[in-house]
Amino acid sequence: PDRPAKKRTPLERLDGAQHRRETPALFAVCNMSGLKSSEDRRRERELEEARKAGTIPAERDADGNEINPHIPQFMAQAPWYLNAEGPGLKHQKNLKQKGQVASATDFKPRGQKAGPAATYFRKGACTNCGAMTHSTKDCVERPRKKGARYSGKDIKPDEVTVDMAYDYAGKRDHWAQFDPAAHMDKIRAHEAEAEVRRKAAQQKKLGELAARERKRERRGKGKEGGEGDSATDTDTDGSVGPSDDEKVDEAEQVIIGQDVKAPAGKAKASVRNLRIREDTAKYLLNLDVNSAYYDPKTRSMRDNPLRGSALADASTFAGDNFQRATGDAVQMAQLQLYEFEAYEKGQSMQMNADPTTVEMMNKIYREKKEKLKDTRSNKILEKYGGQQHLAAPPKELLFAQTEDYVEYDRSGGLRAGKEKAVAKSRYEEDVLEQNHLAVWGSHFDTTTFRWGYADDHSTLRNSYSTGAAGRRAREMAAAALSAPAAAAGSGEPFADAC
């Protein structure tokens, strides 16, 4: 079959010698592209092996530095577009010029003018102000209704721009170019404002004192002009109520528990467990680590820190639990318990919302309960009698005498009576089952390490009792199992060995 002819390259179609004669330009291009003869490649390979072996010195680059012969060729050979004159690794270096890196503390001029402003609009300048150092979107001037590009008026001068390569901290420093001396101006302004306020408050206070003095003088003149005034009346009038000074002092007092930071109209926030600063803190009463525990979050110490010490009676603090068990705390707990019980019975009461109703209902409930209890006990006593037995005997007879008989010997030892009671288990004891004469667990088999019954040595729970016959049969079986080799050596059958 006819096959299409293989497409050949120009080098394949032309003979080598004829190609040199007829097309020398094409051959030159091929040599420039890196085509080498086999002889050249063999010499390069031998030279490379000799350099790797160290028999000849290593190749040097244009700067005179030795080139490591073990470096791969794809790294040591420079690309064709670099037009390298000789071998070397200069093409592997970063030839970019590294500028000086500025830190966050380096000064960068801002807002300085590079020179006088231009008289006409220049191409590429900001269309708003006409400066060449920034674009329109970066312009900080007021947006004009008609920009400098169209009006050609009020063109701003160019700013001084410095190309500085900042490091990571310099790019993100929010306090860059900040002058600390400028903060002193703020301090001086604040001090001047505080001085003005102080003088105004002082003037106001002097005016209030002068008005109070004038009012006191007018009151004194009125008393002198009146009839029937006496020293006693003057003293009485002066002591009727608090003076203006006392009222001012009372107004200046801060209520304990008031939230002074809250604005006007807000509710007061009370603070619990506050103490007078002169008093000793409860956690300093006893420095022993094993004493009462103090909770710093709630400022509570429930137990008495001086319990069992000589200072327990003299101390004024007996623990927070002592305060909860005194005063109206017990009554409040009873009311809360009554509220819970009433809620379970179907009554809806809220002690926090309506404490008076809860207290009155509890009082009625307790009165009815006592009355019903007395009525029930009276009916029982009227029917059956025994009123005389309800009276308790005197304490001398109640705690000093007993009907237990105890006998002692001459040395004081116990002879009879008051024997030590045997501790009983909470489980049922001495319970016989399945016709057994002993309880389960009364026997322990040492060969099988199991518990059983003592009457027939059975180790099976809830098995029927076989008595002494079963015990003998189990003993014979155990003896036969313990010596099977002796029975087999004698030739006797297993039954005869048993």
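# A guided tour of the model

Start by selecting aspartate 295, which sits in the loop between α10 (244-252) and α11 (320-324); helices here are DSSP runs of H or I with at least four residues, strands are runs of E with at least two, and both are numbered from the N terminus. Before going on, a word on what is on your screen: this is a predicted model, in which local features need pLDDT of at least 70 and side-chain atom pairs count only at pLDDT 80 or more, while totals for chains, interfaces and linings use all residues. Residues are numbered from 1 along each chain as its sequence is written, and side-chain values use heavy atoms, with hydrogens and water left out.

**Stop 1: aspartate 295**

Aspartate 295 is buried and has no salt bridge, although arginine 302, the nearest side chain of opposite charge, is 5.1 Å away. Buried means under 20% relative accessible area, exposed means over 50%, and partly exposed is in between (1.4 Å probe, protein chains only). A salt bridge is a side-chain nitrogen of Lys or Arg within 4 Å of a carboxyl oxygen of Asp or Glu. For charges, Lys and Arg count as positive and Asp and Glu as negative, with His and the chain ends not counted.

Which side chain makes a polar contact with the side chain of aspartate 295? Select threonine 298: the two side chains make this contact at 2.9 Å. A polar contact is a pair of N or O atoms within 3.5 Å; within protein, one must be able to donate a hydrogen and the other to accept it, and residues adjacent in sequence count only if both atoms are side-chain atoms.

**Stop 2: salt bridges**

The structure holds 19 salt bridges. Side chains of opposite charge can pair when their charged atoms come close.

Go to helix α8 and select glutamate 213 and arginine 216, which both lie there, three residues apart, about one turn of the helix. Their salt bridge has its closest N and O atoms 3.0 Å apart. Glutamate 213 counts as partly exposed because its relative accessible area is 38%; arginine 216 is also partly exposed, at 43%.

Elsewhere, salt bridges that share partners join Glu39, Asp40, Arg42, Arg43 and Glu46 into one network. Zoom in on glutamate 46 and arginine 42, whose side chains meet in a salt bridge (2.8 Å, N to O). Both residues belong to helix α4 (residues 38-53) and are four residues apart, about one turn of the helix. With a relative accessible area of 44%, glutamate 46 is partly exposed, and so is arginine 42, with 32%.

Next, pick lysine 156 and aspartate 154, a salt bridge with its closest N and O atoms 3.6 Å apart. Is lysine 156 buried or partly exposed? Lysine 156 counts as partly exposed, at 25% relative accessibility.

**Stop 3: arginine 218**

Return to helix α8 (residues 181-225) and select arginine 218. Arginine 218 counts as exposed because its relative accessibility is 56%.

**Stop 4**

Leucine 82 is in the loop between α5 (73-76) and β1 (101-102). Its relative accessible area of 43% makes leucine 82 partly exposed.

Finish at alanine 438, in the loop between β4 (414-416) and β5 (443-445). At 14% relative accessibility, alanine 438 counts as buried.
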